[in-house]
Amino acid sequence: MEIHIPKMVHGWRDLAKEVGIIVIGVLIALGAEQAVQGIEWHHKTEAAEEAMRLELGKDNGPQVWGRYAMHQCIDDALDAIRAGAEQPVGRAEMVASIARHRTPFWTWDALAFSAANASDVALHLSSETMNRWTMAYATIPALNQANTKEFNDGADLVALSRTGGPLTEIERGQVLRAVELLRRDNATIFASVRVALPAIYKTGVRIDPTVRQLVMAAAARDYGKACLVAPPEPA
């Protein structure tokens with residue numbers, strides 16, 4: 001069996017050559033590793049952005065659109081309830097007026113955005129791109145909180161007894177207080193959706209037309225079409 005004895009390094013020139021070969025090998029390995037990681041992060045960022053597009057386009061976006069459209073309808077319904085309490089109208093008429101005040105209780109999600117931040121995807125997006133996504137999601141927590149508060153405040157309104165004679169002064173006061181709380185809730189939500197809608201457009205997301213039509217159809221059933229205000233389309 002032939003045995004190859006390693007060649008001895010003679011002089012600095014041979015040593016530099018051997019070291020150079022090793023360095024080049026290491027650099028090639030590191031470059032290949034970085035290339036693989038680059039491809040992996042490219043796929044991860046694409047997946048994360050697609051998840052955010054879906055979340056905004058099919059979930060939050062149609063809800064933003066719907067609350068923008070029905071803002072005036074909700075205010076008009078609250079005006080009618082307040083007017084009835086101040087006149088005052090009979091109990092049956094007040095109960096019917098309260099029943100015409102309908103607000104959707106939606107969840108406002110930021111799961112895809114939170115996942116993107118938790119997985120460090122944000123570090124691999126340009127600052128401009130990440131800023132657009134951040135602005136699109138900026139009002140979502142406020143919308144979730146305001147919508148939950150509106151749902152709870154609405155319970156004070158529908159708690160009015162449906163039986164009995166004319167409204168008492170205490171009941172009228174309870175109705176008026178509930179109306180003003182709900183009016184502030186609606187104003188808070190409207191202020192947030194006015195910020196959210198153009199921010200969503202700036203990400204390039206387009207609100208799913210099918211889901212948008214379903215939301216608008218539900219609003220029209222609740223309030224009629226006359227009071228609905230069409231939100232602005234993307235520029």
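Colleague: To begin, where is the place of Asp59?

Modeller: Asp59 lies in helix 1, which covers residues 11-86. A word on the source: this is a predicted model, where local features need pLDDT of at least 70, side-chain atom pairs count only at pLDDT 80 or more, and totals for chains, interfaces and linings use all residues. Residues are numbered from 1 along each chain as its sequence is written, and side-chain values use heavy atoms, with hydrogens and water left out.

Colleague: Why is Asp59 called partly exposed?

Modeller: Its relative accessible area is 21%. Buried means under 20%, exposed means over 50%, and partly exposed is in between (1.4 Å probe, protein chains only). Asp59 is therefore partly exposed.

Colleague: What does Asp59 touch, leaving out residues up to four places away in sequence?

Modeller: Asp59 touches Leu54, Thr107 and Asp109, where contact means heavy atoms within 4.5 Å. The C-alpha atoms of Asp59 and Trp108 are separated by 7.8 Å, although the two residues are 49 apart along the chain.

Colleague: What makes up the secondary structure of the protein chain?

Modeller: Seven helices and zero strands. Those terms refer to DSSP runs, numbered from the N terminus: helices are H or I with at least four residues, strands are E with at least two. As for burial, 37% of the 235 residues are buried.

Colleague: Why are helix 5 and helix 6 called roughly antiparallel?

Modeller: The axes of helix 5 (residues 140-158) and helix 6 (residues 169-202) cross at roughly 160° and come within 9 Å. Axes are lines fitted to C-alpha atoms, for helices over the stretch in contact, with angles from 0 to 180 degrees between N-to-C directions. Angles under 35 degrees count as roughly parallel, over 145 as roughly antiparallel, 65 to 115 as roughly perpendicular and the rest as oblique. Helix 5 and helix 6 are therefore roughly antiparallel.

Colleague: Which classes of residue make the contact of helix 5 with helix 6?

Modeller: There are eleven nonpolar, five polar and five charged residues. Here Ala, Val, Leu, Ile, Met, Phe, Trp, Tyr, Cys and Pro count as nonpolar, Asp, Glu, Lys and Arg as charged, and the others, Gly among them, as polar.

Colleague: What makes helix 3 and helix 4 oblique?

Modeller: Their axes come within 10 Å and cross at roughly 140°, helix 4 being residues 127-137. By the angle ranges above, helix 3 and helix 4 are therefore oblique to each other. Ala112, Phe113 and Asn117 in helix 3 meet Met130, Trp133, Thr134 and Tyr137 in helix 4.

Colleague: How do you know that the pair of Phe105 and Phe151 is stacked?

Modeller: The ring centres are 4.3 Å apart and the planes stand at 20°. Rings of Phe, Tyr and Trp (its six-membered ring) pair if their centres lie within 6.5 Å; planes under 30 degrees apart count as stacked, over 60 as edge-to-face and the rest as tilted. The pair of Phe105 and Phe151 is therefore stacked. It joins Phe105, in the loop between helix 2 (91-99) and helix 3 (111-118), to Phe151 in helix 5, 46 residues apart. The structure holds four aromatic pairs.

Colleague: Is Arg177 buried or exposed?

Modeller: Arg177, found in helix 6, has 55% relative accessibility and so counts as exposed. Arg177 and Asp153 are 9.7 Å apart in space, C-alpha to C-alpha, and 24 residues apart in sequence.
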